[in-house]
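I opened my notebook to get to know a new structure. Here is what I looked up, entry by entry.

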Amino acid sequence: MAPVVEVRELTKSFKVPVRQSGLGAAVKSLFDRKFTLVDAVKDVSFNIDRGEIVGFLGPNGAGKTTTLKMLSGLLHPTSGTATVNGHIPWKRDNAYLRTINMVMGNRHQLSWDLPAGDTYKLHQAIYQIADNEFERTLEELSDLLDLHDLLTKPVRTLSLGERMKCELGGALLHRPDVMFLDEPTLGLDVTMQHRIRDFVRSYNLRHGSTILLTSHYMADIAALCERVVVIHRGQLLFDGPLAQLVARFAPVKRLTVELDSADADLGDLGTVVAHDGFTYQLEVAKEDTTEVTSRLLANYNLSDIAVEDPPIEQVIEQVFTAE
Amino acid sequence: MRLFRIYLLSALLHLKEHLIYRASVLIWLFSMLLEPVVFMMVWRAVALAEGGSAGGYTQGTLTAYYLALMVVNHLTFTWIMHEYAYRIREGVLAGQLLYPLHPIHRDVTMNATYKLLGLVLFIPAFLLLSVFLKPEFQFEPWQVLAFLPTLALAAAMRFLMEWAVAQTAFWYIETSSFNQAYYVATMFFSGRIAPISMFPDWLSAVARYLPFWLGVALPVETLLGSLTPEEVMSGMVIQAAWLAFFAGLVAWVWSRAVRRFGAVGG
Amino acid sequence: MYLARVIGVHARIGILKDLQYRVNFAGQLVNSALGFLLAIGSILVVFRHTDLLGDWTQTDLIMLIGVFSIVRGFINLFVRPGLQAYMEGIRTGLFDYVLLKPLDSQLYVSIREFRIWSLVDLLTGVGLVVWSGWVGGLEASLFTIVLFFVTMLAGFSVVLAFWFILGTSAFWFIKVDNIFVVFDSLFQTARWPLTVYPGAVRILLTFVVPVAWAVTMPAATLAGKLEIGSLWLTLLVPAFFVAVSRIFWKIGIRHYSGASA
């Protein structure tokens with residue numbers, strides 16, 4: 001089966017004006033504005049199959065959102081090609097737009113003063129959804145997202161999380177095959193993040209829609225995405241299963257040991273990253289793990305030992321702060 | 001001395017600000033320029049239809065009137081009342097209240113620098129239109145001399161008047177109707193629709209005592225020589241009286257406004 | 001059919017929204033009344049000194065003011081709020097959601113917002129036209145009336161296209177709310193018949209800034225002043241401006257980079 005999303009050497013550069021402070025500079029910039037060219041996305045290529053949930057990782061300004069925006073037809077790339085569902089996104093054919101949608105966690109499109117249900121009617125008209133189909137979809141989404149009571153209240157009276165649920169519901173009324181979610185859980189509390197995550201997963205299972213997701217919260221990515229794409233400074237750094245990402249970028253293991261002494265010096269075995277009472281946390285190079293473990297067993301009175309990968313956030317942080 | 005230093009520094013700051021928003025500034029200036037030009041064309045058409053003159057004005061003197069009015073109106077107008085509701089709503093005013101300085105000073109320098117900058121557009125426009133439309137100016141030295149104090153009084157008086165009007169935003173957040181009423185009044189009575197002598201006599205007689213006419217048309221007519229020295233003198237006296245009145249009004253309204261602002265919050 | 005439905009739903013939403021802010025209705029009434037006071041007052045002053053302005057009588061001019069208000073009502077009903085929302089959207093990034101919708105974005109922007117209270121202006125305009133026609137003893141043939149609607153439609157298209165040409169600059173300069181000021185000041189020229197302006201300015205106000213033309217044409221049609229020879233302009237000028245606004249829009253969208261991601 002051909003991939004739903006095919007991206008080849010996608011590049012987007014922005015012209016950014018350079019402005020200096022001072023009256024002289026302000027006057028000068030009237031006549032002679034200086035620009036620098038910034039590559040937001042550079043030579044990015046990947047494929048995505050139908051039904052996949054793919055997480056985009058990267059620090060702020062890495063180019064995740066820019067990539068998503070090009071795929072949803074909002075931005076024209078500077079060079080490179082992409083097809084989604086067989087369409088070139090930035091041609092913005094109505095036929096294409098009917099099969100996708102995008103939700104941005106920091107931008108809400110539902111009318112502030114009116115209940116979400118009213119704005120849904122608008123989407124129905126725009127996407128030409130037949131009445132019975134609209135009812136059916138709305139019913140299903142209301143069940144999944146628990147919207148029933150929310151749809152009749154003016155949006156301004158809803159909490160941020162409730163609003164996000166309504167936004168998601170509205171975005172899915174026309175049953176898009178491909179969804180772009182840009183920071184869908186931004187600013188939500190932990191319970192609400194869970195709700196949204198559960199919803200995305202079950203929606204994906206039910207309808208086999210392809211979902212491209214960016215999030216600051218590693219938990220979102222870890223819970224939803226088997227596959228991650230790491231973008232850093234506009235370039236693709238990694239594309240593959242989440243577990244592999246850790247294996248590839250974290251050449252260390254983390255050992256948590258419990259001893260009978262609170263002042264043991266484990267410095268010669270590895271790096272002590274935490275020490276609390278009888279519990280010690282050590283980081284050791286992956287290939288030394290077996291050796292260190294046996295030395296610990298031989299030389300200390302161990303009551304417990306656990307060997308783990310370092311936390312994923314930390315791995316990611318290392319990737320991004322390296323260089 | 002302290003105030004002078006503050007004025008100088010904040011003038012530099014505002015000048016820089018205006019330059020950053022140069023596109024907006026240019027647009028506003030352009031719209032200020034267009035209004036008198038449209039009325040000039042209407043009245044020139046009237047004069048032409050009436051065989052060269054209407055209400056004592058010829059095409060040439062009408063042109064002179066409106067060209068002078070264009071510059072004078074630019075030099076005396078303010079936009080504060082259109083901004084004040086926004087300032088209160090968006091917390092700009094709350095920020096200003098933290099300074100140990102009356103916010104009016106900031107508006108003085110902001111206006112002054114804006115006007116200075118505006119002359120960069122208005123003087124060329126004035127010269128260009130003069131070349132094409134051939135205004136008839138007859139300057140007597142005393143007219144030019146008297147023009148300057150009437151202009152200064154007009155600017156100060158109008159500034160205080162509009163600053164006082166702007167304070168209504170403390171009581172009515174929906175100020176657009178009030179501002180529109182003020183606008184219509186100035187259009188009629190300040191000589192922007194037509195030189196005030198074109199109105200019925202009783203109306204123009206009343207208008208000469210109103211701050212609208214005194215804030216725009218008095219300097220214009222002084223410069224053009226359509227007023228006698230006695231009329232100019234009495235005009236200046238009335239200007240000064242209004243100036244004192246509005247200064248008092250600003251002080252009074254402001255003290256109440258601040259109290260109200262403190263009570264209801266921004 | 002599809003279009004009618006989309007417009008209908010948006011109008012409904014607009015009405016629902018506006019009904020929540022009934023104060024605006026009072027404000028609109030006061031503003032309209034003051035606006036008419038100013039317009040009629042200016043005409044009265046002018047006609048103290050002449051009987052004919054260009055070849056327009058006082059009643060003709062009141063009819064012109066009527067057409068002016070109809071056009072202004074049309075603008076404020078959806079053109080201005082639509083473009084305002086669009087510019088706001090460019091700054092906040094909400095415009096992204098407009099581009100995601102499967103219908104022509106330019107069309108969508110122009111029908112998206114609807115300010116019901118602006119009907120006050122529009123209806124008063126209609127009232128003024130009817131009143132001046134009645135007072136002036138207007139005897140309009142069916143042909144004239146059809147022609148009036150055609151020129152009115154041409155006027156609407158020209159004004160809409162002109163708004164878009166101005167508004168499209170928001171793609172390049174994010175801070176252009178002052179476009180409204182540009183339009184309003186240029187629109188002042190439409191309060192007076194084109195014949196008031198000297199030849200060069202008249203050409204400018206027809207082919208470059210066609211707002212005065214858009215108002216003068218329908219009024220001239222009703223007042224029996226339309227030269228049949230200039231009728232071709234009724235098709236050409238709107239066609240030209242609509243085409244230009246279309247091209248601008250397309251280029252603008254290509255250039256659109258979104259509010260900082």
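My entries below go chain by chain, with a few stops at single residues.

**Entry 1: what kind of model**
I started by noting that this is a predicted model. I keep that in mind for everything that follows.

**Entry 2: chain A as a whole**
I looked up the secondary structure of chain A and found eleven helices and 13 strands. Its C-alpha atoms fill a box of roughly 75 × 60 × 45 Å along the principal axes. Of the 323 residues in chain A, 50% count as buried. I also checked how far apart in sequence the contacting residues of chain A are. Taking contacts between residues at least 6 apart, I found that 70% join residues at least 24 apart.

**Entry 3: one helix of chain A**
Next I picked helix H10 of chain A, which covers residues 289–299. Which of its residues are buried? I found A:Thr289, A:Val292, A:Thr293 and A:Leu296. They lie on the same side of H10(A), because they cover an arc of only 100° around the axis. What do these buried residues pack against? My list has three strands of chain A: S10 (252–259), S12 (279–285) and S13 (302–308). Turning to the face of H10(A) that points away from the buried side, I noted the exposed residues A:Thr290, A:Ala298 and A:Asn299.

**Entry 4: cysteines**
I still looked at two cysteines of chain A. A:Cys166 has 0% relative accessibility, so it counts as buried, the limit being under 20%. A:Cys225 comes out at 3%, so it counts as buried too.

**Entry 5: chain B as a whole**
Moving on, I found eleven helices and two strands in chain B. Read along the sequence, they follow the pattern α-α-β-β-α-α-α-α-α-α-α-α-α. The radius of gyration of chain B is 19 Å, close to the 18 Å that the globule rule gives for 266 residues, so chain B is as compact as a globular protein of that length. Its C-alpha trace spans about 60 × 40 × 35 Å along the principal axes. Of the 266 residues, 52% count as buried. Among chain B contacts between residues at least 6 apart in sequence, 81% join residues at least 24 apart. Chain B exposes about 12100 Å², with 72% of it supplied by carbon and sulfur atoms.

**Entry 6: a threonine in chain B**
I zoomed in on B:Thr222, which sits in helix H10 (residues 211–224) of chain B. Is B:Thr222 buried or exposed? Its relative accessibility is 0%, so I wrote down buried. Where does its side chain reach? It meets the backbone oxygen of B:Leu218 at 2.6 Å. Leaving out residues up to four places away in sequence, B:Thr222 touches B:Gln143, B:Ala146, B:Phe147, B:Thr150, B:Leu227 and B:Val232.

**Entry 7: a threonine in chain C**
My last stop was C:Thr216, in helix H10 (residues 211–222) of chain C. With a relative accessible area of 8%, C:Thr216 is buried. Which residues does C:Thr216 touch, not counting those up to four places away in sequence? I listed C:Trp56, C:Leu64, C:Trp192, C:Pro193 and C:Leu194.

Methods. Residues numbered from 1 in each chain as written. Chains lettered and ligands numbered in written order. Predicted model: local features only at pLDDT ≥ 70, side-chain atom pairs only at ≥ 80, totals over all residues. Heavy atoms only, no water. Buried < 20%, exposed > 50% of the residue type's maximum accessible area, 1.4 Å probe, protein only. Helix = DSSP H or I, 4+ residues; strand = E, 2+ residues; numbered from the N terminus. Polar contact = N/O pair within 3.5 Å; in protein donor to acceptor, adjacent residues only side chain to side chain. Contact = heavy atoms within 4.5 Å. Rg over C-alpha atoms; globule rule 2.2 N^0.38 Å. Areas by Shrake-Rupley, 256 points an atom, 1.4 Å probe, with all protein chains shown as cover. Arc of directions from axis to C-beta.
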